[in-house]
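Subject: Structure handover

Hello,

Here is the structure I promised to pass on. Please open it first, then read my notes below.

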Amino acid sequence: MKKEFPLVHLNADQCLRLTHRYQIPTNDIIYLESEINYTNVYTSDNRKHISSFTLKILEARIVKNDFLRINRGCLVNLKHITQIIGLKRNAQARLSNGSILTISRRKFDNIRNILNDMIVSYEG
């Protein structure tokens, strides 16, 4: 039987619950990184928060339009991607906090298209 995770639909000031007592506004999240059965959450105030929830559970709780998996272990806030470095084979994303994360080859075209659409809609 497939386990379902509750989706949380929130407004612009939305928060992601990391533990049973602690939550972070999603606008402050730069990226989430899987670490076995835990998830490291990196925020714009240069802090690292550790959640006992897996990346899969947190991904189900977060707004899909703002976040995207760039590889098996990372979920990135699209608003914090400042640059794409390299081509499909060795592509990387530079984030607003200076972190550089590897983009998987399978996800590269989709990420590039989404970012191009964001730029076009921002300019238009």
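**What I found**

Thr-26 sits in the loop between β2 (23-25) and β3 (29-35). Helices (H or I, at least four residues) and strands (E, at least two) are DSSP runs, numbered from the N terminus.

Two notes on the basis. This is a predicted model, so local features need pLDDT of at least 70 and side-chain atom pairs count only at pLDDT 80 or more, while totals for chains, interfaces and linings use all residues. Residues are numbered from 1 along each chain as its sequence is written, and side-chain values use heavy atoms, with hydrogens and water left out.

Back to Thr-26. Thr-26 is buried, at a relative accessible area of 3%. Buried means under 20% relative accessible area, exposed over 50%, partly exposed in between (1.4 Å probe, protein chains only). Its side chain makes a polar contact of 3.0 Å with the side chain of Gln-14. A polar contact is a pair of N or O atoms within 3.5 Å; within protein, one must be able to donate a hydrogen and the other to accept it, and residues adjacent in sequence count only if both atoms are side-chain atoms. Not counting residues up to four places away in sequence, Thr-26 also touches Ile-62, Phe-67 and Asn-77, among others. Contact means heavy atoms within 4.5 Å.

Next, Asn-71. This residue lies in strand β6 (residues 67-71). Asn-71 is buried too, with a relative accessible area of 16%. Its side chain reaches the backbone nitrogen of Gly-73 at 2.8 Å. A polar atom of that side chain lies 2.6 Å from the backbone oxygen of Thr-102. Ser-104 is 33 residues from Asn-71 in sequence, yet 5.0 Å away in space, C-alpha to C-alpha.

Then the sheet. 3 strands form an open, antiparallel sheet in the order β8-β9-β10. Two strands pair if DSSP finds at least two bridges between them. The edge strands are β8 (81-85) and β10 (100-102). β9 (residues 92-95) pairs with β10 over 3 bridges. Arg-94 stands opposite Ile-100 in β10.

Last, the cores. A nonpolar core is a set of buried Ala, Val, Leu, Ile, Met, Phe, Trp, Tyr and Cys residues joined through side-chain atoms within 4.5 Å. The largest has 17 residues; Tyr-31, Ile-70 and Leu-95 are among those that touch the most other members. α2 (105-123) is one of the elements that supply at least two residues. α2 gives the most, with 3 residues. A second, separate core of 13 residues includes Leu-58 and Leu-75.

Best wishes
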